[in-house]
Amino acid sequence: MDANIGAGFEAVFLDPVGQAVQQRWADAALAVAFEDLDPVSAFPVVPGRRWGPGLWWSATTGRHVAAGSNAMRIQLMVLDRAPDVTGLAGRPVRLLWRNSRGLVRSWVPQLFVRYRDGTALLADCPSRPDAGGERALAAAEAVSVACEEIGWGYRRLAPLDEVPAANLKWLAGYRHPRHRGRTGLLEAVVDEFERPRPLVEGVAAVGDPIEVLPVAFHALWAGLLVAAIDVPLHERVLVQAPASGGGPGLSSAGGRVGGGRRAGAGIREAG
């Protein structure tokens with residue numbers, strides 16, 4: 001641990017009526033459902049940037065998550081597909097600590113992720129590994145220590161490569177349950193890909209592509225079907241149901257990150 005990082009982490013967050021609360025970090029981590037909280041502070045608006053703060057509708061929670069940048073939206077897409085993620089929130093907690101000189105330092109991680117086993121991840125989503133400069137890297141070290149103390153994880157999540165990011169953006173447009181189609185259609189689509197076959201062939205075998213393609217894309221988003229993540233999606237891409245055996249899976253971008261355990265195949269650590 002860096003000698004400049006001191007002990008005694010505190011958490012600041014908003015209660016359900018919007019009042020700021022400051023509490024010992026270890027106590028707050030145990031008792032507070034950060035995934036249900038509003039941002040403790042707004043995402044900054046940076047003039048000249050193409051992407052600004054907004055909301056991401058989460059298929060995992062059925063609610064909106066505050067997002068501050070395009071890089072963060074991509075990471076939300078990745079995590080929204082991960083089967084062991086149960087909650088997501090944007091900037092719900094500020095961490096405070098004193099360094100070795102007694103000076104108060106603070107940081108608001110961009111993203112909170114709750115896992116099915118109750119553990120959690122705090123994360124930042126830089127657009128490049130050195131984004132934020134020395135202050136961000138020093139804060140990352142401190143927040144890592146705070147998370148390790150309670151058995152959670154912290155990461156600076158690097159952007160996905162261009163092709164996987166484009167694939168996820170496309171499939172995210174079909175994440176809503178309305179794209180399951182009429183009763184029985186989703187099941188019919190998945191059954192048609194019991195063995196690997198080109199997307200267009202399996203879709204045509206089920207019915208009218210205008211009706212069936214959105215259902216196939218929803219199945220790919222949900223992990224009911226898999227395809228290669230590192231090549232552009234196209235009509236001849238090989239698709240299969242994951243239960244039919246090994247093969248490239250677009251779901252490889254949805255692996256678990258953080259919690260002090262492992263990073264998924266589609267997300268790399270940065271910084």
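**Note on helix packing and aromatic pairs**

1. Helix H2 passes helix H4 in a left-handed crossing. A crossing is called left-handed if the near helix is turned anticlockwise from the far one by less than a right angle, and right-handed if clockwise. The helix names follow DSSP: helices are runs of H or I with at least four residues, strands are runs of E with at least two, and both are numbered from the N terminus.

2. A word on the basis. This is a predicted model, in which local features need pLDDT of at least 70 and side-chain atom pairs count only at pLDDT 80 or more, while totals for chains, interfaces and linings use all residues. Residues are numbered from 1 along each chain as its sequence is written, and side-chain values use heavy atoms, with hydrogens and water left out.

3. Now the chain as a whole. It holds seven helices and twelve strands. Of its 271 residues, 48% are buried. Buried means under 20% relative accessible area, exposed means over 50%, and partly exposed is in between (1.4 Å probe, protein chains only). Take the contacts between residues at least 6 apart in sequence: 62% of them join residues at least 24 apart. A contact means heavy atoms within 4.5 Å.

4. How do H2 and H4 pack? H2 covers residues 70-80 and H4 covers residues 162-172; their axes are 10 Å apart, at an angle of about 70°. H2 is therefore roughly perpendicular to H4. The axes are lines fitted to C-alpha atoms, for helices over the stretch in contact, and angles run from 0 to 180 degrees between N-to-C directions. Angles under 35 degrees count as roughly parallel, over 145 as roughly antiparallel, 65 to 115 as roughly perpendicular, and the rest as oblique.

5. Which residues make this contact? H2 brings Asn 70, Ile 74, Met 77 and Val 78, and H4 brings Ala 165, Leu 168, Lys 169 and Ala 172. By class, that gives six nonpolar residues, one polar and one charged. Nonpolar here stands for Ala, Val, Leu, Ile, Met, Phe, Trp, Tyr, Cys and Pro; charged stands for Asp, Glu, Lys and Arg; the others, Gly among them, are polar.

6. The axes of H5 (residues 185-192) and H6 (residues 199-206) come within 9 Å and cross at roughly 135°. H5 and H6 are therefore oblique to each other. The crossing is right-handed. Leu 185, Ala 188, Val 189 and Glu 192 of H5 meet Gly 202, Ala 205 and Val 206 of H6. Five of these contact residues are nonpolar, one is polar and one is charged.

7. Look at Val 206, found in H6. It is partly exposed, with a relative accessible area of 23%. Setting aside neighbours within four places in sequence, Val 206 touches Leu 185, Ala 188, Val 189, Glu 192 and Val 212. Its C-alpha atom is 6.9 Å from that of Ala 188, 18 residues away along the chain.

8. Then the rings. A pair of aromatic rings is described by the distance of the centres and the angle of the planes. Rings of Phe, Tyr and Trp (its six-membered ring) pair if their centres lie within 6.5 Å; planes under 30 degrees apart count as stacked, over 60 as edge-to-face, and the rest as tilted. The count comes to ten aromatic pairs. In one of them, Trp 25 and Trp 152 have ring centres 5.5 Å apart and planes at 90°, so the pair is edge-to-face. Trp 25 lies in helix H1 (residues 25-31) and Trp 152 in the loop between helix H3 (133-150) and strand E10 (153-156), so the pair ties together parts 127 residues apart in sequence. Both Trp 25 and Trp 152 are buried.

9. Trp 152 has another partner. Its ring and that of Phe 112 have centres 5.8 Å apart and planes at 65°, so this pair is edge-to-face. Phe 112 lies in strand E8, so the pair ties together parts 40 residues apart in sequence. Phe 13, Trp 25, Phe 34, Phe 112 and Trp 152 form one aromatic cluster.
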